Protein chains: 2
Amino acid sequence: MRIAVIGAGALGLYYGAMLQRGGHDVRFLLRRDFEVIAGSGLHVTSPRGDFHLENVQCFRNPAEMGAVDLAVVGLKTFANDALISLVAPLAASGAAILTLQNGLGNEELLAAAFGADRVLGGVAFLCSNRGAPGTVHHLAQGPIRLGEFGGGLTPRAMEIAAAFTSSGVPCEAMADLVKARWEKLVWNIPFNGLCTLTGQATNALLAHPPSRRLIEALMTEVVAGAEAQKLSAPIAGPAFIARMISLTEEMGDYRPSMMIDRLEGRPLELSSIYGIPLERAAERGVEMVRVRMLHALLDRGEPG
Amino acid sequence: MRIAVIGAGALGLYYGAMLQRGGHDVRFLLRRDFEVIAGSGLHVTSPRGDFHLENVQCFRNPAEMGAVDLAVVGLKTFANDALISLVAPLAASGAAILTLQNGLGNEELLAAAFGADRVLGGVAFLCSNRGAPGTVHHLAQGPIRLGEFGGGLTPRAMEIAAAFTSSGVPCEAMADLVKARWEKLVWNIPFNGLCTLTGQATNALLAHPPSRRLIEALMTEVVAGAEAQKLSAPIAGPAFIARMISLTEEMGDYRPSMMIDRLEGRPLELSSIYGIPLERAAERGVEMVRVRMLHALLDRGEPG
């Protein structure tokens, strides 16, 4: 498969590297790491074994990437102002577009620009970060669940999932992308926000009983917001929440991406992880009280 | 009136200085400022005019303060482990005890040790802070509302109120101390916590629409918690909240005491301002959801 990676942060670099190692024709749109990767390739460290890709197809401009079958989008959602212009040349060449970005609203942006039938979305369960230029550290996990923006299990979605899976990234195609997006929010909303706000990693929060109760209460609100979205099946809140917490405990001393964004002075992905989910829940009569409070506390706004 | 001041922070020093200037026999229990004040007196700066008290009765040990009519307690509530032993010698001499400490639970501690009929409580509306040793800065306001722990308007409460008022500290005696305490919490709970958590002063929060809405929502929860306490009269929530916010806007760039406690590395008054009010509300069937979340976020606990 000919694949373009747009937004080559830790997620895009890791998945792109795995797909290339798996035999696919992968083309990376790069900024920060262009010189290093074009010159000496891409290095991946991983508990499953480090590897190095000597020859990597690097581009600075999406119009030069050529025709591809699939564009994988890993852009931070706070950069979504640039999303359409970055993807447009690839969409014009006929590519399907898979956004693995965080939160809600990304598929809608792409569908409005390129048509709903061009768009897939996925949620990635990946712990990774960028090292020195040209190096990405894979820390843990990596599975993807993806689906059509328009719903339903299509041959195209299954083919893309198979490309990932055969490249060493377990990937499941599902009929109900909305459910998968909300299930991921059950984790992202409490942990991204609380770790960012308190400066504490996931396991420190879980070890502090009032914070742990708050995490559970936030998760319960997100499940209620999800259930209001006409999902194909219920999320089974208490069991799902218990599993999310137990998986997080196994992750150890983990710092979510939003916490790292703040520590490194970047904007936060507030709209896709908080603002749009709050709107979608409210539109269906669910007010996520604690989620809204967390959003207000994270949004530093303009001091008066 | 013979008055002992226990807990001579900014509040105790200011009120004690005003009472001494008003002609009362005031005795200060001091630690940090003992040498300076015993040597060269107490200096008060104030928009109403600075003044200096040359001769100040200073003590390091409450057992040496002699018999007084009234002990005024200004101790930080995170130091309440020492409260009873500090007050005991004065109570033994027959003094009435007026706690001007923050939040809930202080009168109960004193009443359990010395008898309910010995105890009064008051809420102070005072902006003050300590300067160099021997100096206290009065910034704004100063009125006190006080009442008997046992309820009702007594001659004793009115006499104490008159002593403050005639010394230049407007003071009102009221029958319903519980109501006054909760009304003060309507301000303290949002502003102390949110300023501490965000590092922003009161007017910056009020200028940020999501934070302003959160402040109003927290105040509404506290009013509901208050109304459940069998008050003598309702608080009239919306109008009271609008007045609290407009008074806060007039205060300008104000940093609440808890924010200063955190900036200066002291413990926070979490139990009296959050923990006990949450318990009192829950006992009467009111769960203050956002207040509990704020409490959890402020309580850093022991990182795991």
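## Cysteines

In this predicted model, Cys195(B) has a relative accessibility of 0% and therefore counts as buried. Cys171(B) is likewise classed as buried, at a relative accessible area of 13%. No disulfide is found in any chain when the whole structure is searched.

The distances between sulfur atoms account for this. A disulfide is a covalent bond between the sulfur atoms of two cysteines, and the cut-off applied here is 2.5 Å. For Cys171(B), the closest cysteine sulfur belongs to Cys127(B) and lies 17 Å away, which is too far for a bond. Cys195(B) also takes part in no disulfide, its nearest cysteine sulfur being that of Cys127(B) at 12 Å.

## Strand β9 of chain B

Strand β9 of chain B spans residues 135-148 and contains His138(B). With a relative accessibility of 2%, His138(B) counts as buried. Beyond the residues within four places in sequence, the contacts of His138(B) include Tyr14(B), Thr45(B), Ser46(B), Pro47(B) and Arg48(B). Leu126(B), Cys127(B) and Ser128(B) are also in contact with His138(B). Cys127(B), the cysteine whose sulfur is nearest to that of Cys195(B), is thus among the contacts of His138(B).

Gln141(B) belongs to strand β9 of chain B as well. The residue is partly exposed, with a relative accessible area of 33%. Although Gln141(B) is not a glycine, its phi is positive, at about 55 degrees.

## Arg48 of chain A

Arg48(A) is located in the loop that joins β3 (42-45) to β4 (51-53) in chain A. Its relative accessibility of 55% places Arg48(A) in the exposed class. Setting aside residues up to four places away in sequence, Arg48(A) touches Tyr14(A), His138(A), Gln141(A) and Gly168(A). Of these, Gln141(A) is 93 residues away from Arg48(A) along the chain, and the two C-alpha atoms are separated by 10 Å.

## Packing of α6 against α8 in chain A

Helix α6 of chain A covers residues 177-198, and its axis lies 9 Å from that of α8(A), at an angle of about 145 degrees. The crossing of these two helices is right-handed. From α6(A), the contact involves Trp182(A), Leu185(A), Val186(A), Trp187(A), Ile189(A), Pro190(A), Phe191(A) and Leu194(A). They meet Leu214(A), Ile215(A), Leu218(A), Met219(A), Val222(A), Val223(A), Gly225(A) and Ala226(A) of α8(A). By class, the contact comprises 15 nonpolar residues, one polar residue and no charged residue.

Which residues does Thr248(A) contact, leaving aside its neighbours within four places in sequence? They are Trp187(A), Phe191(A), Thr202(A) and Leu206(A). Trp187(A) and Phe191(A) also belong to the α6(A) side of the contact with α8(A). Thr248(A) itself is part of helix α9 of chain A, and its relative accessible area of 0% makes it buried. The side chain of Thr248(A) also reaches the backbone oxygen of Met244(A), at a distance of 2.6 Å.

Lys230(A) is placed in the loop between α8 (209-227) and α9 (237-251) of chain A. This lysine is exposed, with a relative accessible area of 71%. Its phi is near 55 degrees, a positive value in a residue other than glycine.

Pro267(A) sits in the loop between α10 (257-263) and α11 of chain A. At 44% relative accessibility, Pro267(A) is counted as partly exposed. Apart from residues up to four places away in sequence, Pro267(A) touches Phe78(A) and Asp261(A). The C-alpha atom of Pro267(A) is 9.4 Å from that of Lys76(A), although 191 residues separate the two along the chain.

Helix α11 (residues 270-283) and helix α12 (residues 289-298) of chain A have axes that come within 10 Å and cross at roughly 145 degrees. Their crossing is left-handed. On the α11(A) side, Leu270(A), Tyr274(A), Gly275(A), Leu278(A) and Ala282(A) take part. Their counterparts in α12(A) are Val291(A), Arg292(A), Leu294(A), His295(A) and Leu298(A). The contact of α11(A) with α12(A) holds seven nonpolar, two polar and one charged residues.

Key:
Residues are numbered from 1 along each chain as its sequence is written. Chains are lettered from A and ligands numbered from 1 in the order in which they are written. This is a predicted model: local features need pLDDT of at least 70, side-chain atom pairs count only at pLDDT 80 or more; totals for chains, interfaces and linings use all residues. Side-chain values use heavy atoms; hydrogens and water are left out. Buried means under 20% relative accessible area, exposed over 50%, partly exposed in between (1.4 Å probe, protein chains only). Axes are lines fitted to C-alpha atoms, for helices over the stretch in contact, and angles run from 0 to 180 degrees between N-to-C directions. Helices (H or I, at least four residues) and strands (E, at least two) are DSSP runs, numbered from the N terminus. A crossing is left-handed if the near helix is turned anticlockwise from the far one by less than a right angle, and right-handed if clockwise. Contact means heavy atoms within 4.5 Å. Ala, Val, Leu, Ile, Met, Phe, Trp, Tyr, Cys and Pro count as nonpolar, Asp, Glu, Lys and Arg as charged, and the others, Gly among them, as polar. A polar contact is a pair of N or O atoms within 3.5 Å; within protein, one must be able to donate a hydrogen and the other to accept it, and residues adjacent in sequence count only if both atoms are side-chain atoms.
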